[in-house]
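I opened a new notebook page today and looked a few things up, one at a time. Come and read along with me.

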Amino acid sequence: MSNQDFYETLGVARNANDDDIKKAYRKLAMKYHPDRNPDNKEAEEKFKEIQKAYDILSDPQKKAAYDRFGHAGIDPNNMGGGGGFDGFGNFGGAGGFDFGDIFSQMFGGATGNGGRQQQSRQGADLQYSVEISLEEAAQGLKKQITIPTYEECDVCHGSGAKPGTSASTCRTCHGTGTVHVRQAIFQIQQTCPTCHGSGKEIKDPCHKCRGDGRVKTTKTVEVNIPAGIDDGQRIRLSGEGEPGSDGAPAGDLYIHVGVKEHKVFQRDPNNPTDLHCELPISFPTAALGGEVEVPTLNGRVQISIPAGTQNGKQLRVKGKGIKHLRSNQIGDLYCHVVVETPVNLTDRQKELLAEFDQIATGLNRSQTPRQRGFLDRLKEMFD
Ligand SMILES: [Zn+2]
Ligand SMILES: [Zn+2]
């Protein structure tokens with residue numbers, strides 16, 4: 001796992017752009033999301049690898065280091081868990097599933113492999129995923145989410161030392177919480193292995209938090225998901241991430257929004273306010289024209305099919321798309337006409353169609369322009 005090729009993991013080329021990487025990540029993350037693969041260890045591992053690959057490839061600095069130096073360019077002790085290559089607390093993994101797992105993923109660094117406990121450091125950013133329907137994305141919604149967090153231990157009031165005792169300065173790092181190590185050609189700042197970043201040594205740890213100074217808890221946050229949000233976008237809740245230590249500011253909470261595929265509508269990838277759907281119509285309706293009902297996100301509407309409508313024609317239903325995320329502009333719905341050839345005909349229907357065909361023999365260019373054009377081209381080719 002430590003030698004995974006991040007590009008291979010995401011199934012993208014080495015010259016893939018940010019967008020390709022993001023798309024590939026979203027697709028795979030959805031596929032291997034633990035919500036969708038309960039009790040599947042393999043999927044869980046895969047999910048973690050995907051997170052890790054994305055963590056590196058979505059960060060321009062880490063990506064550049066990885067592109068130039070491979071794994072030597074990235075501090076393995078800091079990957080995935082708490083801190084990133086630059087020591088800045090980064091995501092541990094996507095949430096939205098089993099609690100125990102959220103803890104281990106979000107606070108993967110808690111026992112010392114990440115940049116979590118550095119002295120007076122800003123809290124790590126947290127990541128959480130939610131999946132919503134297309135209807136919800138179109139309307140926007142408020143969602144309550146419960147996320148794991150830490151609070152100050154009420155026994156030792158955050159010192160980590162047993163009441164009546166106090167912590168002393170760590171002798172390895174002299175209280176800075178970090179040490180410098182050489183790795184490949186880099187000089188890397190790492191969390192102090194002795195004090196795990198706290199800068200303190202505690203001889204008699206507090207029994208409740210075991211010296212950590214804080215205990216796990218949960219908090220509920222209301223997330224306002226705005227109308228028009230698209231699959232793969234994220235919302236930042238400033239200061240709602242992991243609390244900082246020793247008075248440092250908290251990290252941010254990132255809500256990754258996934259929009260589920262809809263049974264009828266597809267969003268236009270280049271213009272996410274527009275929707276597309278298929279509209280099967282009968283051959284007589286296509287020929288004669290008529291009124292048909294089409295679905296929209298808020299009920300059915302009638303549209304008229306012009307006489308002589310061809311297969312593949314797009315009929316636009318104005319204003320029945322999705323609201324723009326940052327303006328009040330609303331997109332359109334495009335119905336893609338599929339002219340359906342009737343099957344399982346009754347004898348009477350066959351008779352009528354045969355008769356139609358007979359009187360249609362010798363149709364002129366104005367009635368079947370496409371067929372005529374085709375025959376003309378064949379004639380030119382072979383005669
Ligand atoms: Zn305590
Ligand atoms: Zn130390």
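This is a predicted model: local features need pLDDT of at least 70, side-chain atom pairs count only at pLDDT 80 or more; totals for chains, interfaces and linings use all residues.

**Entry 1: the whole chain**

How many helices and strands does the secondary structure of the chain come to? I found 9 helices and 15 strands. Helices (H or I, at least four residues) and strands (E, at least two) are DSSP runs, numbered from the N terminus.

Residues are numbered from 1 along each chain as its sequence is written, chains are lettered from A and ligands numbered from 1 in the order in which they are written, and side-chain values use heavy atoms, with hydrogens and water left out.

Next I looked up burial: of the 383 residues in the chain, 43% are buried. Buried means under 20% relative accessible area, exposed over 50%, and partly exposed in between (1.4 Å probe, protein chains only). I also looked at contacts (heavy atoms within 4.5 Å). Of those with a separation of 6 or more, 64% are between residues 24 or more positions apart.

**Entry 2: the zinc ion, ligand 1**

Which residues coordinate the zinc ion (ligand 1)? I found the SG atoms of Cys153, Cys156, Cys206 and Cys209, at 2.3 Å. Donors are N, O and S atoms within 2.8 Å of the metal (3.2 Å for Na, K and Ca); water is not among the atoms, so sites may look incomplete.

The angles among the 4 donor atoms are 103 to 117 degrees, and the site is tetrahedral. I wrote down the rule: four donors count as tetrahedral if all angles lie between 85 and 135 degrees; four count as square planar and six as octahedral if opposite donors are over 155 degrees apart and all others between 65 and 115; anything else is irregular. For four tetrahedral donors, the ideal angle at a metal is 109.5 degrees.

Along the chain, the donors of the zinc ion (ligand 1) follow the spacing C-x2-C-x49-C-x2-C. Cys156 lies in the loop between strand E2 (141-152) and strand E3 (168-169), and Cys206 in the loop between strand E6 (200-201) and strand E7 (214-225), so this pair ties together parts that are 50 residues apart in sequence.

I checked both of these cysteines for burial. Cys156 counts as buried at 8% relative accessibility, and Cys206 counts as buried at 1%. Leaving aside neighbours within four places in sequence, Cys156 is in contact with Ala161, Cys206, Cys209 and Gly213. With those neighbours set aside again, the contacts of Cys206 include Cys153, Val155 and Cys156.

Then I turned to the record: an unreviewed UniProt entry lists Cys153, Cys156, Cys206 and Cys209 for "binding site". UniProt positions are given in the numbering used here, feature names are shortened, and annotations may be inferred rather than shown by experiment. The listed residues are spread over 57 residues of sequence, yet they cluster in space, with a largest C-alpha distance of 9.0 Å.

**Entry 3: the zinc ion, ligand 2**

What are the protein donors of the zinc ion (ligand 2)? They are Cys170 (SG), Cys173 (SG), Cys192 (SG) and Cys195 (SG), lying 2.2 to 2.3 Å from the ion. This site is tetrahedral too, with angles of 102 to 117 degrees among its 4 donor atoms. The spacing of the donor residues in sequence is C-x2-C-x18-C-x2-C.

Cys173 lies in the loop between E3 and strand E4 (178-183) and Cys195 in the loop between strand E5 (186-191) and E6, so this pair ties together parts that are 22 residues apart in sequence. Cys173 is buried, with a relative accessible area of 4%, and Cys195 counts as buried at 7%.

**Entry 4: strands side by side**

I followed an open sheet of 4 strands in the order E10-E11-E15-E14, with mixed pairing. Two strands pair if DSSP finds at least two bridges between them. Strand E10 (266-268) and strand E14 (314-317) stand at the edges with a single partner strand each, so one side of each is left without a neighbour in the sheet.

E10 and strand E11 (residues 271-282) run antiparallel, joined by 3 bridges. Gln266 stands opposite His276 in E11.

Last, I looked up Cys335, which is in strand E15 (residues 333-340). Cys335 is buried, with a relative accessible area of 0%.
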